[in-house]
Amino acid sequence: MTAPERLVTLSNATITHSGTPALRDVNFRIDRGEIVTILGPNGSGKSTLLRAIIGALPATTGTVKRAAGLSIGYVPQKLHIDPTLPLTVRRFLSLPHRISDAMAEAALTRANVSGLAGRQMTELSGGQFQRVLLARALLSKPDLLILDEATQGLDQPGAAAFYRQIEDVRREMGCAILMVSHDLHVVMAASDRVICLNGHICCEGAPAHVATAPEYRALFGAGTNGALALYRHEHDHHHDDLPDTTQPAYDQAGCAPDCAQSDCAPTKTETHP
Ligand SMILES: Nc1ncnc2c1ncn2[C@@H]1O[C@H](COP(=O)(O)OP(=O)(O)OP(=O)(O)O)[C@@H](O)[C@H]1O
């Protein structure tokens with residue numbers, strides 16, 4: 001068996017903003033072909049971690065190592081385009097570097113929005129817009145594709161379709177995918193690994209098999225706390241603001257103790273509303 005190709009490694013990395021640590025002592029790796037999702041509350045350091053990975057923020061202590069020649073594609077959370085500025089999709093793809101029509105069409109096809117080249121950016125639907133951003137990120141033939149809450153503003157079917165596309169991209173291009181997402185569907189269905197941040201890596205692991213259980217639906221909408229309860233991980237400390245994941249956090253039906261869904265049928269004896 002060949003060893004996985006390591007793309008990025010953070011070793012005991014601390015990342016600070018104006019002298020204040022946003023992330024402490026982070027050990028992180030991502031290998032070619034993996035889909036890894038970062039979860040965490042607001043201000044927990046998700047964007048800071050992404051920025052350290054792409055090299056926009058240095059580590060104050062520890063190291064950030066990228067594979068030689070690593071190509072990174074980035075799909076931002078949102079991108080404001082002046083509504084008064086005429087800008088076609090084709091022209092947008094050529095900023096800042098001019099590309100051929102064939103390259104533009106290939107990227108749009110891969111992002112499943114072929115035929116949009118002549119459309120104005122400001123006239124695209126939310127889903128089309130994100131796919132055009134994806135097409136642009138794919139132009140550099142990335143080894144690592146980073147998505148920062150790329151489905152924010154999309155409805156659930158739109159987000160699900162977008163992430164199915166992401167899985168196709170991984171299969172076709174063989175890249176790794178690193179994403180920040182608050183969408184439990186995505187975390188459970190698409191990720192090989194989930195990492196929870198809160199100023200440091202609290203826990204990480206593979207999403208639990210409960211994704212296929214009907215009871216899993218009872219947790220949708222439970223937010224990050226629900227997600228935290230749903231994957232296997234090692235956790236050796238406690239946060240006041242997070243569930244104590246060293247204790248049983250969900251019952252056999254996959255329901256968290258605080259689940260308030262009417263169709264939830266807990267099988268444990270924990271107090272349940
Ligand atoms: N440029 C900056 N200067 C100073 N502090 C910053 C800067 N950027 C982020 N921070 C601080 O670093 C911490 C982590 O911020 P970060 O944006 O990484 O969190 P996040 O998990 O991405 O948050 P959100 O979910 O709200 O986008 C926060 O306390 C934030 O206030």
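**Helices and ligand shell of the predicted model**

Helix α4 (residues 126-138) has 13 residues and spans 18 Å from its first C-alpha to its last, close to the 18 Å expected at 1.5 Å a residue; the expected span is 1.5 Å times one less than the number of residues. Helices (H or I, at least four residues) and strands (E, at least two) are DSSP runs, numbered from the N terminus. The model is predicted: local features need pLDDT of at least 70, and side-chain atom pairs count only at pLDDT 80 or more, whereas totals for chains, interfaces and linings use all residues. Residues are numbered from 1 along each chain as its sequence is written.

Of the 13 residues of α4, 11 are buried, so the helix is largely enclosed by the rest of the structure. A residue is buried if 20 or more other C-beta atoms lie within 10 Å of its own, exposed if 12 or fewer, and partly exposed in between, with C-beta atoms placed from the backbone. The buried residues of α4 are G127, F129, Q130, R131, V132, L133, L134, A135, R136, A137 and L138. Their cover includes β5 (72-75), α2 (89-93), α3 (101-110), β6 (144-148) and α5.

Helix α5 (residues 156-173) has 18 residues and reaches 25 Å from first C-alpha to last, close to the 26 Å expected at 1.5 Å a residue. In α5, A159, F162, Y163, I166 and V169 are buried. Seen down the axis of α5, its buried residues fall within an arc of 100°, so they line one face of the helix; the arc is that of the directions from the helix axis to the C-beta atoms. P157, R171 and E172, on the other side of α5, are exposed.

The ligand is surrounded by H17, S18, A22, G40, N42, G43, S44, G45, K46, S47 and T48, where a residue is near a molecule if its C-beta atom, placed from the backbone, lies within 6 Å of it. Helix α1 (residues 46-54) gives the most to this shell, with three residues. By class, the shell has one nonpolar, nine polar and one charged residues; Ala, Val, Leu, Ile, Met, Phe, Trp, Tyr, Cys and Pro count as nonpolar, Asp, Glu, Lys and Arg as charged, and the others, Gly among them, as polar.

The protein has seven helices and nine strands, and 38% of its 273 residues count as buried.

Notes: Contact = placed C-beta atoms within 7 Å.
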